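Subject: Structure handover

Hi,

Here is the structure to look through. Please open it first, then read the notes below it.

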Amino acid sequence: MKRQNFIIFVLLLAVFLPTSKAYLANSLKKPYMENSIPPIYGRNSEVNFYSLLNNSGREYESWIKDGRKYLKRKEFEQAIWAFRKAVKLRPASEEARFLLGWTYETRGLEGLPGDTTNWDQLAENEYVMAIEVADHLPSRFNLAILQRRLERYGEARRNLEHILLVSNSKTLKKKASAELQALFHQDVRPRGISNEVKDWSADDK
């Protein structure tokens with residue numbers, strides 16, 4: 001009798017064990033196969049995105065202020081670092097991009113031995129971004145000066161003419177007119193960029 005019961009138990013086990021394993025495996029895989037994976041809290045891209053949305057502006061202003069202080073002390077590497085932080089917080093800020101471009105260009109004009117960084121290209125990129133964001137005229141002026149220094153006279157002339165057409169700043173228009181006149185007279189002597197980090201977008205009477 002015991003032997004008969006044991007044989008029946010073994011047969012039942014042989015019948016139900018494979019199906020139970022298959023069911024168990026299927027039940028474990030099912031949620032991952034059919035359901036989408038939820039977002040992982042703390043991903044870098046998501047954190048950066050929400051930090052931009054929730055930025056109060058105080059941190060941005062702090063980096064701009066620090067960058068200007070570094071510029072006054074001619075500490076260009078630190079100024080670049082500060083303005084890059086500001087651009088990261090506000091990618092669409094023409095002010096931050098203008099300041100970063102100016103600092104890149106000034107740093108490049110130091111001409112340090114062994115420096116192979118294309119500072120002019122970096123500066124041009126930032127000026128162009130500031131122009132694309134808000135037609136930032138000081139950036140357009142500095143870009144024209146950079147282009148003239150690189151002997152790209154046609155591009156420089158177009159930017160200077162644009163400033164004369166749309167600017168409300170007497171100071172900026174005067175500077176653009178002087179540069180344009182020099183171009184017309186084929187004055188190709190190298191010129192440096194503006195010595196001031198001033199935004200001439202406001203009309204000064």
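Start at Arg-107, which is buried at a relative accessible area of 8%. Buried means under 20% relative accessible area, exposed means over 50%, and partly exposed is in between (1.4 Å probe, protein chains only). Arg-107 sits in helix H5. Leaving out residues up to four places away in sequence, Arg-107 touches Phe-76, Glu-77, Ile-80, Leu-112, Asp-115 and Trp-119. Contact here means heavy atoms within 4.5 Å.

Some ground rules. This is a predicted model, with residues numbered from 1 along each chain as its sequence is written. Local features need pLDDT of at least 70, side-chain atom pairs count only at pLDDT 80 or more, totals for chains, interfaces and linings use all residues, and side-chain values use heavy atoms, with hydrogens and water left out.

The overall picture

The protein chain has 9 helices and 0 strands. From the N terminus, its elements run α-α-α-α-α-α-α-α-α. Helices (H or I, at least four residues) and strands (E, at least two) are DSSP runs, numbered from the N terminus. Of the 205 residues in the chain, 31% count as buried. Take the contacts between residues at least 6 apart in sequence: 58% of them join residues at least 24 apart.

Two packed helices are described by the angle between their axes and the distance between the axes. Axes are lines fitted to C-alpha atoms, for helices over the stretch in contact, and angles run from 0 to 180 degrees between N-to-C directions. Angles under 35 degrees count as roughly parallel, over 145 as roughly antiparallel, 65 to 115 as roughly perpendicular and the rest as oblique. A crossing is left-handed if the near helix is turned anticlockwise from the far one by less than a right angle, and right-handed if clockwise. For residue classes, Ala, Val, Leu, Ile, Met, Phe, Trp, Tyr, Cys and Pro count as nonpolar, Asp, Glu, Lys and Arg as charged, and the others, Gly among them, as polar.

H4 with H5. The axes of H4 (residues 76-89) and H5 come within 9 Å and cross at roughly 155°. That makes H4 roughly antiparallel to H5. The crossing of H4 and H5 is left-handed. On the H4 side, the residues in contact include Phe-76, Glu-77 and Ile-80. On the H5 side, they include Leu-99, Leu-100 and Arg-107. By class, the H4 contact with H5 has 10 nonpolar, 2 polar and 4 charged residues.

H5 with H6. These helices pack at an angle of about 160°, with their axes 8 Å apart. H5 is therefore roughly antiparallel to H6. This crossing is left-handed too. Among the H5 residues in the contact are Phe-98, Trp-102, Glu-105 and Arg-107. Among those of H6 are Trp-119, Tyr-127 and Met-129. The H5 contact with H6 has 12 nonpolar, 2 polar and 6 charged residues.

H5 with H7. The axes of H5 (residues 94-109) and H7 (residues 137-149) come within 10 Å and cross at roughly 25°. H5 and H7 are therefore roughly parallel to each other. Their crossing is left-handed. Phe-98, Trp-102, Glu-105 and Leu-109 of H5 meet Pro-138, Ser-139, Asn-142, Leu-146 and Arg-149 of H7. This contact has 5 nonpolar, 2 polar and 2 charged residues.

His-136 lies in the loop between H6 (119-134) and H7. At 6% relative accessibility, His-136 counts as buried. Its side chain makes a polar contact of 2.7 Å with the side chain of Ser-139. A polar contact is a pair of N or O atoms within 3.5 Å; within protein, one must be able to donate a hydrogen and the other to accept it, and residues adjacent in sequence count only if both atoms are side-chain atoms.

Lys-74 is in the loop between H3 (58-72) and H4. Lys-74 is not a glycine, yet has a positive phi of about 60°. Lys-74 is exposed, at 62% relative accessibility.

Glu-151 is in the loop between H7 and H8 (153-166). Glu-151 has a positive phi of about 65°, again without being a glycine. Its relative accessibility is 58%, so Glu-151 counts as exposed.

Last, Phe-184 in H9 (residues 170-184). Phe-184 is exposed, with a relative accessible area of 53%. Beyond residues up to four places away in sequence, Phe-184 touches Arg-157 and Glu-161.

Best wishes
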